[in-house]
Amino acid sequence: MNHGGWSFSGIPIIACGMYESEAEELEKRGLRQHVTGGILKADIGGPLPVVRTLKPATRRIILVGDASELDKYVYTLVRNALKRQASDLDVTELAGLPMPQFPWRG
């Protein structure tokens, strides 16, 4: 999308999948009409009520995963969704750490 204006002017783009927020951003930039594909609808905060029911004292959620650009983007989506639903949560990311550096390992 950053270079399409001059590299592939007028050629439609087919996305395998994009998040709703990405589609909204394309719409804001006036680029949505040039992109088609599947929109991923993720209920990222959906499990939170179950967590609160099963573990009502939960105050911290740790996101564990890779440090890729996609994962960083997903962490942002998850963090924002959780903060909207429960501002009292401390959300921590442990992205890309080697296993020996994980805090719960002995």
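Mentor: Let's start with a term: a polar contact is a pair of N or O atoms within 3.5 Å. Keep in mind that the model we're looking at is predicted.

Trainee: What makes the approach of Ser 68 to Asp 71 a polar contact?

Mentor: A side-chain oxygen of Ser 68 comes to within 3.1 Å of the backbone nitrogen of Asp 71, at the start of α4. The cut-off is 3.5 Å, so the pair qualifies.

Trainee: How do you know that the length of helix α4 agrees with its number of residues?

Mentor: Helix α4 covers residues 69-85, which is 17 residues. At 1.5 Å a residue it should span 24 Å, and its end C-alpha atoms lie 25 Å apart, so the two agree.

Trainee: Which residues of α4 are buried?

Mentor: They are Tyr 75, Leu 77, Val 78, Ala 81 and Leu 82.

Trainee: Why do we say that the buried residues of α4 line one face of the helix?

Mentor: Look down the axis of α4: the buried residues fall within an arc of 165 degrees, so they sit on one face. An α-helix has 3.6 residues a turn, so residues three or four places apart point the same way. Over on the other side of α4, Glu 69 and Arg 84 are exposed.

Trainee: What do the buried residues of α4 pack against?

Mentor: Quite a list: β1, α2, α3 (48-54), β3 (60-65) and β4 (90-95). Take Tyr 19, which lies in strand β1. Setting aside neighbours within four places in sequence, its contacts include Leu 70, Tyr 73, Val 74 and Leu 77. Tyr 19 and Val 74 are 55 residues apart in sequence, yet their C-alpha atoms are 9.5 Å apart.

Trainee: What does Ile 61 touch?

Mentor: Ile 61 is in strand β3. Not counting residues up to four places away in sequence, it touches Leu 48, Leu 82, Leu 89, Asp 90, Val 91 and Thr 92. From Ile 61 to Val 91 there are 30 residues along the sequence, but 4.9 Å between C-alpha atoms.

Trainee: Why are strands β1 and β2 called paired?

Mentor: Pairing takes at least two bridges. Strand β1 (residues 13-19) and strand β2 (residues 35-40) are joined by five, so they count as paired. They run parallel, and Ile 13 stands opposite Val 35 in β2.

Trainee: What do β1, helix α2 and β2 make?

Mentor: A right-handed β-α-β unit, with α2 taking up residues 20-28. The protein chain as a whole has four helices and four strands, in the order α-β-α-β-α-β-α-β.

Trainee: Why is Gln 33 called exposed?

Mentor: Exposed means over 50% relative accessible area. Gln 33 has 59%, so it is exposed. You'll find Gln 33 in the loop between α2 and β2.

Trainee: How much of the protein chain counts as buried?

Mentor: Of its 106 residues, 22% do.

Definitions and conventions:
Residues numbered from 1 in each chain as written. Predicted model: local features only at pLDDT ≥ 70, side-chain atom pairs only at ≥ 80, totals over all residues. Heavy atoms only, no water. Helix = DSSP H or I, 4+ residues; strand = E, 2+ residues; numbered from the N terminus. Right-handed = clockwise from strand over helix to strand, strands pointing away. Expected span 1.5 Å × (residues − 1). Buried < 20%, exposed > 50% of the residue type's maximum accessible area, 1.4 Å probe, protein only. Arc of directions from axis to C-beta. Contact = heavy atoms within 4.5 Å. Polar contact = N/O pair within 3.5 Å; in protein donor to acceptor, adjacent residues only side chain to side chain.
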